[in-house]
Amino acid sequence: MKYYLAVDVGGTKILAGLVDEKGQVLAWRRYPMRRGSQEEALAAIFSACDDFVSSLPGQPRPAALGLGTVGHIDPERGLWLQSYNIPIHRPVEIARLLTERYGLPAAVDNDVRCAARGEWAFGGGQSRVMLYLNVGTGIGSALICQGKLLLGADHYAGEVGYMVMNWEGEPQRLEPMASGGGLIASAQAMLPQFPESPLNRGELHAAAVFEAARSGDALGGFLARRAVDALGTALANLASAYNPDTIRLGGSVVKDPWFLKQVERRMRTLCLPETLGGLRCFARSALDPAQVGMLGAGALAMEVYG
């Protein structure tokens with residue numbers, strides 16, 4: 001049995017864990033992320049890793065280290081090129097720095113591509129062609145074909161949140177219409193027009209929008225229908241382009257079963273029978289949403305150095 005040091009870096013938190021080659025988590029800890037500057041962000045990552053590694057005496061020695069993070073990554077050269085969520089403005093040789101610091105071979109990639117690897121390796125997602133779509137604050141995707149992940153010419157494949165949709169005759173991007181961040185921003189902008197909406201009361205998030213829609217609220221209904229149409233249409237386009245046999249979805253927005261069912265119905269309505277004929281699985285991620293990124297980082301290390 002081999003073990004891997006897995007690190008998941010997000011905009012607000014860092015998860016570090018020890019993962020075995022079957023996807024079992026032996027130990028893990030959560031740390032705060034700091035985003036005041038590029039130097040501060042990197043210091044937060046190294047501090048988290050230092051603390052976690054120091055807690056491992058008595059545990060098996062990791063064979064390699066995997067790190068998944070947000071932004072534009074060049075996994076072949078181990079570079080973190082840039083990020084908006086975290087202030088990375090200059091390329092960082094993050095894999096080399098991790099190897100020098102911890103004496104472990106290190107691999108790095110985008111967080112959504114890591115999550116797709118985790119799903120494929122540990123979540124029962126192994127299939128001929130798996131499309132993974134993450135719908136959270138933003139929207140990203142990854143495609144794994146016969147065990148190989150599509151990176152793209154500049155390692156930027158999968159940014160489907162920037163896909164241009166046609167909504168009521170106007171071109172709009174997918175992410176502002178269907179992501180959690182997009183739903184919240186749209187609701188905030190439109191709330192003054194709907195003073196009686198329950199969305200004016202309590203915390204505003206995607207689940208609240210869907211609950212309002214189910215209760216008959218006009219604003220919640222508009223936002224939910226738009227999100228369903230946009231995401232279902234995007235999935236139909238992706239399914240037509242790639243002919244997957246498995247579609248797995250992760251992220252906070254698709255935790256709502258009602259919303260996910262509506263999206264699937266929209267996708268199936270738009271797809272050709274030939275496309276649907278090969279689709280055997282359409283489901284939420286089988287992995288713990290809180291740990292899928294960390295498991296994906298472990299799967300990355302296992303893929304590259306296993």
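## Aromatic pairs

The structure holds two aromatic pairs, where rings of Phe, Tyr and Trp (its six-membered ring) pair if their centres lie within 6.5 Å; planes under 30 degrees apart count as stacked, over 60 as edge-to-face and the rest as tilted. The ring centres of Phe210 and Trp258 are 6.2 Å apart and the planes stand at 55°, so this pair is tilted. Phe210 belongs to helix α6 and Trp258 to helix α8, so the contact ties together parts that are 48 residues apart in sequence. Helices (H or I, at least four residues) and strands (E, at least two) are DSSP runs, numbered from the N terminus.

Phe210 also pairs with Phe259; this pair is stacked, with 4.3 Å centre to centre and 15° between the planes. Phe259 lies in helix α8 and Phe210 in helix α6, so parts 49 residues apart in sequence are tied together. Phe210, Trp258 and Phe259 form one aromatic cluster. Both Phe210 and Phe259 are buried, whereas Trp258 is partly exposed at 29% relative accessibility. Buried means under 20% relative accessible area, exposed over 50%, and partly exposed in between (1.4 Å probe, protein chains only).

## Basis of the model

This is a predicted model, in which local features need pLDDT of at least 70 and side-chain atom pairs count only at pLDDT 80 or more, while totals for chains, interfaces and linings use all residues. Residues are numbered from 1 along each chain as its sequence is written, and side-chain values use heavy atoms, with hydrogens and water left out.

## Salt bridges

A search of the whole structure finds 16 salt bridges, each defined as a side-chain nitrogen of Lys or Arg within 4 Å of a carboxyl oxygen of Asp or Glu. One of them joins Asp50 and Arg101, with the closest N and O atoms 2.8 Å apart. Asp50 is in helix α1 (residues 38-54) and Arg101 in helix α2 (residues 94-102), so the bridge ties together parts 51 residues apart in sequence. Asp50 is partly exposed at 30% relative accessibility, and Arg101 is partly exposed at 45%.

Arg117 and Glu303 form another salt bridge, at 2.9 Å from N to O. Arg117 lies in helix α3 (residues 111-122) and Glu303 in helix α10 (residues 292-305), so the linked parts are 186 residues apart in sequence. Arg117 is buried, with a relative accessible area of 7%, whereas Glu303 is partly exposed at 48%. Asp109, Arg113, Arg117 and Glu303 are linked in a network of salt bridges.
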